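Colleague: Hi! I'm new to this one, could you walk me through it?
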Amino acid sequence: MVPTVKFNNNREFPVIGLGTYTADDPKEVERVVKEAIDVGYRHFDTAMFYKNEKEVGSAIKAKIAEGVVTREEVFVTTKLWNTFHRPDMVVTSLKKSLATLGLQYVDLYLIHWPFAFKEGENGLPKDAKHNLIYSDVDFVDTWKAMEDCVRLRLTRSIGVSNFNSQQIQRILDSSSIKPVVNQVECHPYLNQTKLISFCKERGIVITGYSPFGGPMSIAPLHKGESPEPLKDPKIKELADKYHKSVAQIILRYLIQHGVVPIPKSSNQKRLEENIDVFNFELRPEDVSAMDALNRDKRICDFIQVQDHPHYPFNIAF
């Protein structure tokens with residue numbers, strides 16, 4: 001059984017989940033989610049932008065029908081895309097995701113990025129020069145509509161993704177419902193120590209995507225460099241010491257820092273391996289050795305929009 005952490009609204013959150021971004025074949029996603037449920041995963045992360053909500057939902061519904069899990073035992077996260085930030089579009093967008101998922105509610109709904117794009121169905125609207133077209137919607141106004149999603153019982157909890165500390169503070173200063181999560185890139189080469197501390201002090205859980213760092217192609221969000229902590233000799237040394245895989249050492253490291261990692265894999269053996277991280281603990285000196293690997297190397301930087309007024313990565317954390 002996967003342990004859980006408690007949100008600031010007292011709901012339980014499984015401390016490891018399955019990420020589903022960049023899956024090339026949606027049918028593959030359905031198979032992987034079914035296998036993941038069979039080996040013990042109960043936390044699944046998707047998004048409208050990933051274009052696989054239908055398959056994630058179908059797999060969950062199939063396993064509920066088989067009696068393997070109940071809806072209450074499964075934790076589902078999806079996300080509001082940048083072209084739907086306008087307050088009057090937020091509830092409608094979640095309802096659309098729910099229809100695609102085939103669910104009556106999600107457990108967690110996130111603002112995918114703090115910056116807004118021109119409204120509409122085209123997720124990446126571009127001008128004649130191929131530059132992304134922005135919208136001037138403020139994410140604080142978007143957040144107030146996210147709160148309506150909770151009141152309408154379309155989602156149990158709400159949070160943010162890829163927000164920096166200043167942006168989170170702006171939401172906290174004007175919200176009636178606090179974010180429960182900030183989902184960000186987090187791995188040994190980008191360990192997010194300051195942001196984790198900032199969020200922890202405010203009762204916000206960090207979910208860590210891309211826990212293995214790379215390599216992977218996640219255009220249009222990727223600048224080209226892929227740090228590869230899976231090949232790091234120090235982490236390999238720790239894997240040998242603990243008789244674990246490098247991936248297990250990385251996941252355990254993140255969990256001990258209070259991060260909820262959402263690794264992605266389509267391989268059943270690795271699915272099993274990634275969830276088998278609760279029967280050992282890294283010693284303090286080994287956590288410190290892992291901390292020293294930090295390089296502030298970001299894969300998913302969405303650098304094409306760094307001139308957007310709400311671009312999150314122009315400050316330290």
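Modeller: Happy to! Let's start with Lys 63, which counts as buried because its relative accessibility is 6%; buried means under 20% relative accessible area, exposed over 50%, and partly exposed in between (1.4 Å probe, protein chains only).

Colleague: Before we go on, what kind of model is this?
Modeller: This is a predicted model, where local features need pLDDT of at least 70 and side-chain atom pairs count only at pLDDT 80 or more, while totals for chains, interfaces and linings use all residues. Residues are numbered from 1 along each chain as its sequence is written, and side-chain values use heavy atoms, with hydrogens and water left out.

Colleague: Thanks! So which residue does Lys 63 form a salt bridge with?
Modeller: Its partner is Glu 66, with the closest N and O atoms 3.1 Å apart. A salt bridge here is a side-chain nitrogen of Lys or Arg within 4 Å of a carboxyl oxygen of Asp or Glu.

Colleague: And is Glu 66 buried or exposed?
Modeller: Glu 66 is exposed, as its relative accessible area is 52%.

Colleague: How many salt bridges turn up in the whole structure?
Modeller: The search finds 22. One of them pairs Lys 79 with Asp 45, whose closest N and O atoms are 2.6 Å apart. That pair links distant parts of the chain, 34 residues apart: Lys 79 sits in strand E5 (residues 75–80) and Asp 45 in strand E4 (residues 43–45). Strands (E, at least two residues) and helices (H or I, at least four) are DSSP runs, numbered from the N terminus. Both Lys 79 and Asp 45 are buried.

Colleague: What about Asp 240 and Lys 236?
Modeller: Their side chains also meet in a salt bridge, at 2.9 Å from N to O. They are separated by about one helical turn, because they lie 4 residues apart in helix H7 (residues 233–242).

Colleague: Switching topic: which residues touch the most other members in the largest nonpolar core?
Modeller: Those are Val 33, Phe 44, Tyr 109, Ile 168 and Ile 249, out of 89 residues in that core. Helix H8 (residues 246–256) gives the most to this core, with 8 residues. By nonpolar core I mean a set of buried Ala, Val, Leu, Ile, Met, Phe, Trp, Tyr and Cys residues joined through side-chain atoms within 4.5 Å.

Colleague: What does Ile 168 touch?
Modeller: Leaving out residues up to four places away in sequence, its contacts include Val 160, Phe 163, Asn 182 and Leu 195; contact means heavy atoms within 4.5 Å. There is also a second, separate core of 9 residues, Phe 7 and Phe 75 among them.
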